[in-house]
Amino acid sequence: MPSITPETFRQIGHELIDDLADFLTRLENLPVNANSTAPAIREALGTDLLPEEGKDPATLVRSVSRVLQAHSCFNSHPGFMGYITAGPLPIGILGDLLAAAINPNVGAWQLSPVATEMERQVIRWIAQFIGYPEDAGGILVSGGNMANYVGIWAARRAMGPADIQQKGLKAGPRQLVAYVSQECHTWIQKTADLFGIGTDHVRWVAVDEERRMDVQSLRAHITADRKAGYQPFLVVGTGGSVSLGVVDPLEALAEVCQTEQLWLHVDGAYGAPAAGLPSASSDLKAVRLADSVALDPHKWFYSPLEAACCLVKNPKHLTDAFSYRPAYYSFEQGEINLVDFGPQNSRGFRALKVWLSFQSLGRLGFIELMEKDIELARYLYERVVQEPELHPFKTALSITTFSFVPHGGDPTDLAFLNALNKGIMEDLQAGGAVFLSNAVVDGRYLLRACLVNFRTQKRHIDQLVELVVERGRARAGARPSVDHS
Ligand SMILES: *Cc1c(COP(=O)(O)O)cnc(C)c1O
C-alpha cells in the first residue's frame, strides 16, 4: 500500500504549494470558466470503478490538480462577477490546510480548546465589524442558507409556543406566520418546510419602487393575520438582496417588530459586512437592532467556501434551541461547547481561515477591499450610462444591473430584449473572459455583475462593457429587423 511517509508528505506538499502559487499567478490568463462538458470531465477523472489498489500519492495530487485547473469555473478569476461567491484570500487557503492538519472537532471545548476559543473570538470580531452587540451569541455554519436556518430555529423556539420542542407542529393553538419581502432568497421556502411552518404561512410582502419591503403592507398583513387567528412571530429583513443588492428599511422593520413583539431576523448573507463601512446607510447599520443576523464570510469577507455565521443577540436563545445534555457527552460545564449553539455535532475548524483573514487584513484592510468592490460596481454603472445601447437598472452595494437595447430597438419589446440579453450572458459565459449572471425584475431580464472580488480592476469592467456591446450588436444584427415605427 503506498502510504505517505513524513518525507513524502513534505515533498508533495511543497510541490503542491508551488503549483498553487503558479496557478494563482497565471489565473488571469486562464478562461474564467472552462466550459468543459460532463463527458470530458468524466474522461479526465477516469473510470467509475472503485480503485482496487492504491496509486502513488505524488502522481495523484499532481494529476488531480491539473484536472481541476483545466476544467473548473474560477471564482478567483478577476473576470468572475457572476455570483456572490468570493475568490478566497490566499491566507484563507493556507488556513484551510492548517485546519485540516490539526483537525480539531469544534463541537466540544475539550476536543478543540484553541479552535473553540478562536471561533468565539471570530464571532466577536464579526459582531464588532458590523456594529452588532459584542456579547451576542453566534456560530459558524456552512453557508447563508444554514445561517438563516439557525436564526429562524432560535426565533421559533423563542417566539413559538413554550412546548414547541416537545409537541412540534401540534404545539399551540395558532399557526405561526412569517413575513418576508418579495425579494427574499429561496432559503425561506426551505426553512418554512423544514420547521413545519409551511410555505403557505410565509407572507411575501410587497416591495416599493426601490424593491424594499413596503412597511405599510407589512403592518396591514400583520393586522389581518392576527384578526384571522394566526400567530405572527417573525419578520425577515434582507440586508443586500441576492438579485439587486437592495437593503430593506431595517430601521422601520425593527420598530414594527418592537411594537408588534416579533422577532427580526436579517438575512445579511451578502450585505451585512457592509454595515461596517463608514459609508453604510442608516438602514444597513440597523442590522444591530436585529434579534438575529445571518452573514457569509465566504462572500464579502473573501473566505474560502464554506463559512457562514449566524449571530443571535441573546445567546440564551441559541442554547435554548440547541442545547441538550446527553449522558454520552460529559463535556466540562464551565467552557463553551459549540455543539450547544447550533445544529451540528462534529464540527470542522471553519474559524481558522476567517480568523487569519481578520488578523492579516485588519478591519481597515477589509474596509478597503469592500469599498473597492462598491467603487467598481459604481464605475460599471457609470460606464453603462455612457453607452447609448446599455440601459442602467440599478447599482446597490456591489451589484450593478443593466440591459442591452440595440439602436432603434423598442425598449418595451420584452420578449425580444429578454432573449437578446440572455444570449449575451450566455456568450460571455462561453467566451471565458468575464462571467456575468442575470436578474429578472418585473419580467425584465437584466445582466447582473456582482463584485466581491479583490482581483477585479477597472480594466476588467471596461472589458466587460466592450464585450456586452459587441455581443449585443452581433446578436441584434443577426435578427431580421422589425419596423416599429
Ligand atoms: C447568497 C445568499 C444566500 C445563500 O447563502 P449561501 O451561502 O449560498 O448558502 C441567502 N441570502 C442572500 C441574500 C444571499 O445573497
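In strand β11, Y445 is the bridge partner of V440. The model is predicted: local features require pLDDT of at least 70, side-chain atom pairs count only at pLDDT 80 or more, and totals for chains, interfaces and linings use all residues. Residues are numbered from 1 along each chain as its sequence is written, and side-chain values use heavy atoms, with hydrogens and water left out.

β10 and β11 (residues 444–450) pair in the antiparallel sense over five bridges. Strands pair if DSSP finds at least two bridges between them. Helices (H or I, at least four residues) and strands (E, at least two) are DSSP runs, numbered from the N terminus.

The open sheet has four strands in the order β8-β9-β11-β10, with antiparallel pairing. β8 (390–396) and β10 (437–441) each have a single partner strand and stand at the edges, so one side of each lacks a neighbour in the sheet. Neighbouring strands are turned by 35° against each other on average, direction ignored.

Helix α15 (residues 414–431) packs on the sheet and touches β9 (399–404), β10 and β11. Contact means heavy atoms within 4.5 Å. The direction of α15 makes about 30° with that of β11. Angles run from 0 to 180 degrees between N-to-C directions, and axes are lines fitted to C-alpha atoms, for helices over the stretch in contact. Helix α16 (residues 458–477) also packs on the sheet, touching β8, β9 and β11.

Helix α14 (residues 351–386) packs with α16 at about 35°, with the axes 10 Å apart. L376, Y379, L380 and R383 of α14 meet K458, I461, D462, L464 and V465 of α16.
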